[in-house]
Amino acid sequence: MTPTPFIAFGLLLALAPALPGIATRTKSALTGRRGAPVMQLYADLAKLVRKQVVYSRTTTPVFQIGAVVALSTVLVAGCLLPLDGHAAILGFTGDLVAFAGLLGLGRFALVLAGLDTGSSFEGMGASREVTIAAFAEPALFLCFTVLFLATGHLSLESMLGGPLAKAWVSASPSLALSGAALFMLTLAETGRVPVDDPATHLELTMIHEVIVLDHSGPDLALIHYGSAVKLALFGSLVVSVFVPRGALPAAPAIAVLLTGLVVVAVAIGVVEATMARLRMNRVSQFLVAASALAAFGVILELR
Amino acid sequence: MPPLHDLLLLGVILTNFWVLGTTRLSATIRATAVQGLLLGMLPLALHPAWSLHTIGLGLGTILIKAMVIPMFLSRAIREASVRREIEPLIGFTASLCLGAVAVALSFGIAQRLPLPEANSGLVVPVALATVIVGLLVLTTRNKALTQVVGYLILENGIYVFGLSQVERVPFLVELGVLLDIFVGVFIMGIVVFHINREFDSIDSTRLTALRDE
């Protein structure tokens, strides 16, 4: 086995915390402010890791393993993606279900940890997070269905690797639709603006942030790092769909991926600067619209 | 790359979804304007041998559907000062789902219809889907203006269907239809204006109540 998938994954893990910084910086620049430095999350993580963990007496071990499960599931999910454009670290037929399931498990662990604290705010955030996930997951599977129908392969490694470049010749409209739906999903899954606002300071309006209110120190660092990696993973899904890298050698493919991730982060920043956050009852509509786009792609492929 | 006319037809479907999913009246009007523009470019893309017929049809469509009618409708919402569709009979999420079902159905039906070969396999299904979406908007929204938009979308679907037969339909018939639409929308605009003046609202469900309140 070649070392390039490991190199790609390592680079992704190293650069992931810069992506939220780039998005925030873009948003600040577009709204006439300077904003936090791009490397802010690295500094935050370094600060949190040095701190002590405080556990509330009402919590149980469910709370303590939440952060670890959340990060490790995201890391394993990352091993399923062909980040160098050819091979994944762990690829097998049907691994797309494992990808969605692992991300779901990570979210489940965090939601349980939030509920375990007994705080009503965290319970509310947990309920919202799960509501959004219930709408996001069908859309994700519809996007994968489009990729499957276009390439004829059932593993992420092949769906996003070599066969995708050939599929762009014949199935470009449906692939573009599923790419757009994946970008909408990225916004929802990583808690960015039209769905959730990472900059909010009011517990009532938080979704992702409120679940982790009771986490502290290294645990919080794990969660923050995990959500940055999740953003990078969804970003690389979007980049892989829009820019098929199967024909490129590994090194340029990795370079294209990293450039693409920066572009996705800037796009997220632009969306955050230009859109207001949606009301909670409109969020489902946003995600159903993503599903409708992907479903339309499926119909075009089935024709 | 797929041919240009297929992309235009996909754009027509996307504008249908846009109308189904948005609450703002100005956004629905913008969506119909975009749809009109796409429809105007369609005859030129579908029939690469441009003739006076197709060019006239395209320009006429763009002029009326993408410029005159949207401007007229925007003026109407300015005067009636309504911004949003508040309580449609079928919610926005549900109507988006229904729209997706409509698209699936029309692709299924179009394959079974005994029709002469069209230039693009997408013309007939897109036409059917647009007609169904138009009907959906026309029947499930309460504001008279959104209903006008639904009527326009319905007619756009019929127009797309006619495009598959454009060589066999005389130019005059097409122009007559365009003129009819224009007059129809004009009359509806006046009706909307009168409803607004009488009831202080363009909610057409109010018309079923006879008593003064």
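## Confidence

Chain B of this predicted model has a mean pLDDT of 82, with 91% of its residues reaching 70 or more; pLDDT is the predictor's confidence in each residue, from 0 to 100. Within chain B, confidence is lowest in helix 7 (residues 171-199), where the mean is 74, and highest in helix 5 (residues 123-140), at 91. Helices here are DSSP runs (H or I, at least four residues), numbered from the N terminus. The model scores ipTM 0.76 and pTM 0.87.

Because the model is predicted, local features need pLDDT of at least 70 and side-chain atom pairs count only at pLDDT 80 or more, while totals for chains, interfaces and linings use all residues. Residues are numbered from 1 along each chain as its sequence is written, and chains are lettered from A in the order in which they are written.

## Contact between the chains

Chain B puts 17 residues into the contact and chain A 11 residues; two residues are in contact if their C-beta atoms, placed from the backbone, lie within 7 Å. On the side of chain B that touches chain A, helix 1 (4-21) and helix 4 (92-112) each supply at least two residues. Helix 4 of chain B gives the most, with nine residues.

By class, this side of chain B has 13 nonpolar, three polar and one charged residues (Ala, Val, Leu, Ile, Met, Phe, Trp, Tyr, Cys and Pro count as nonpolar, Asp, Glu, Lys and Arg as charged, and the others, Gly among them, as polar).

## Helix 1 against helix 4

In chain B, the axes of helix 1 and helix 4 come within 8 Å and cross at roughly 155 degrees. Axes are lines fitted to C-alpha atoms, for helices over the stretch in contact, and angles run from 0 to 180 degrees between N-to-C directions. Helix 1 of chain B and helix 4 of chain B are therefore roughly antiparallel (angles over 145 degrees).

B:I13, B:N16, B:F17, B:L20 and B:G21 of helix 1 meet B:F92, B:S95, B:L96, B:G99 and B:V103 of helix 4. This contact has six nonpolar, four polar and no charged residues.

## Helix 4 against helix 5

The axes of helix 4 and helix 5 of chain B come within 8 Å, crossing at roughly 145 degrees. Residues in this contact include B:L98, B:A102 and B:F107 of helix 4 of chain B and B:L128, B:I132 and B:L136 of helix 5 of chain B. By class, the contact has 13 nonpolar, four polar and no charged residues.

Notes. Parallel < 35°, antiparallel > 145°, perpendicular 65-115°, else oblique.
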